[in-house]
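Thanks, everyone. Let's get the structure up on the screen and walk through it.

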Amino acid sequence: MKIRYNAPTVLTFTFLSTLVLILSQTLIPSLTESWFAVPGRGDYSAGNIRNWVTLFTHVLGHANWPHLVSNFAFILLIGPILEEIYGSLSLLIMIGITALVTGALNVLFFSSGLLGASGIVFMMILLASFTNFNRGEIPLTFILVLVLYLGRELVSAFGAQDTNGDVSQFAHIVGGFIGSLFGFFRGGKYL
């Protein structure tokens, strides 16, 4: 038996994110803050090339090991299935688009920075609910996932009890919306 690199996009994403966290916690303490976190609205400068880069790279940065593990537990579970269905390049494009949109919207609407792959997680969760449907249908699994996952995020984002002040429900909601669009339009066939 041999070990196979079965999902190149998902596995490379996982290994790069892990490497960024290891380097940030050992050799280059400012790495995540400098290159893998989107600055908030007041700190973003369109003239700074680093700020443009972070619109994509923020999904590789994580605050700590629990943050990384919680995101990649889902990504490693769902991602390989999606990569098999849609293809490695299409999934990479979907990850890139989701990163760009969540990063740009964060800069436009929030003063706090953004880092982590949770927008990607929610994109994959909603996209996965569309893996077996026919044109003209809306899968019941999609509706239930939408209600359970995004409903919880909406309640957390706008509810009186914000117990996760450091979690960006906005990135979760946007990532889920983007995954829904990819799924509805069969992302793998149109990208």
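Predicted model: local features only at pLDDT ≥ 70, side-chain atom pairs only at ≥ 80, totals over all residues.

The fold is helical. There are 9 helices and 0 strands. Read along the sequence, the pattern is α-α-α-α-α-α-α-α-α. The radius of gyration is 17 Å, close to the 16 Å that the globule rule gives for 191 residues, so the protein is as compact as a globular protein of that length. Along the principal axes, the C-alpha atoms fill a box of roughly 50 × 45 × 30 Å.

Now the contacts. Take pairs of residues at least 6 apart in sequence. Of those contacts, 73% join residues at least 24 apart.

Next, surface and charge. The protein exposes about 10,500 Å², and carbon and sulfur atoms supply 68% of that area. There are 8 positive and 8 negative charges, and their mean positions sit 12 Å apart.

On to the inside. Buried residues make up 44% of the 191. The largest nonpolar core has 36 residues. Which of them touch the most other members? They are Phe13, Ile75, Ile120, Met123 and Met124. Six helices each supply at least two residues of this core: α1 (8-25), α4 (65-86), α5 (88-109), α6 (118-128), α7 (140-158) and α8 (169-184). The top contributor is α6, with 8 residues. Apart from this core lies another, of 6 residues, including Leu55, Val107, Leu114 and Ala171.

Let's stay with α6. Of its 11 residues, 10 are buried, so α6 is largely enclosed by the rest of the structure. The buried ones are Ser118, Gly119, Ile120, Val121, Phe122, Met123, Met124, Ile125, Leu126 and Leu127.

Back to Phe13. Leaving out residues up to four places away in sequence, Phe13 touches Val59, Leu60, Phe72, Ile75, Ile95, Ala117 and Ile120.

One of those partners is Leu60. Where is Leu60? Leu60 sits in the loop between α3 (49-57) and α4. Is Leu60 buried or exposed? Its relative accessibility is 15%, and the cut-off for buried is under 20%, so Leu60 counts as buried. Leu60 and Ser17 are 43 residues apart in sequence, yet their C-alpha atoms are 4.5 Å apart in space.

That's the tour. Over to you for questions.

Terms used
Residues numbered from 1 in each chain as written. Heavy atoms only, no water. Helix = DSSP H or I, 4+ residues; strand = E, 2+ residues; numbered from the N terminus. Rg over C-alpha atoms; globule rule 2.2 N^0.38 Å. Buried < 20%, exposed > 50% of the residue type's maximum accessible area, 1.4 Å probe, protein only. Contact = heavy atoms within 4.5 Å. Areas by Shrake-Rupley, 256 points an atom, 1.4 Å probe, with all protein chains shown as cover. Lys, Arg positive; Asp, Glu negative; His and termini not counted. Charge placed at Lys NZ, Arg CZ, Asp CG, Glu CD. Core = buried A, V, L, I, M, F, W, Y, C linked by side-chain atoms within 4.5 Å.
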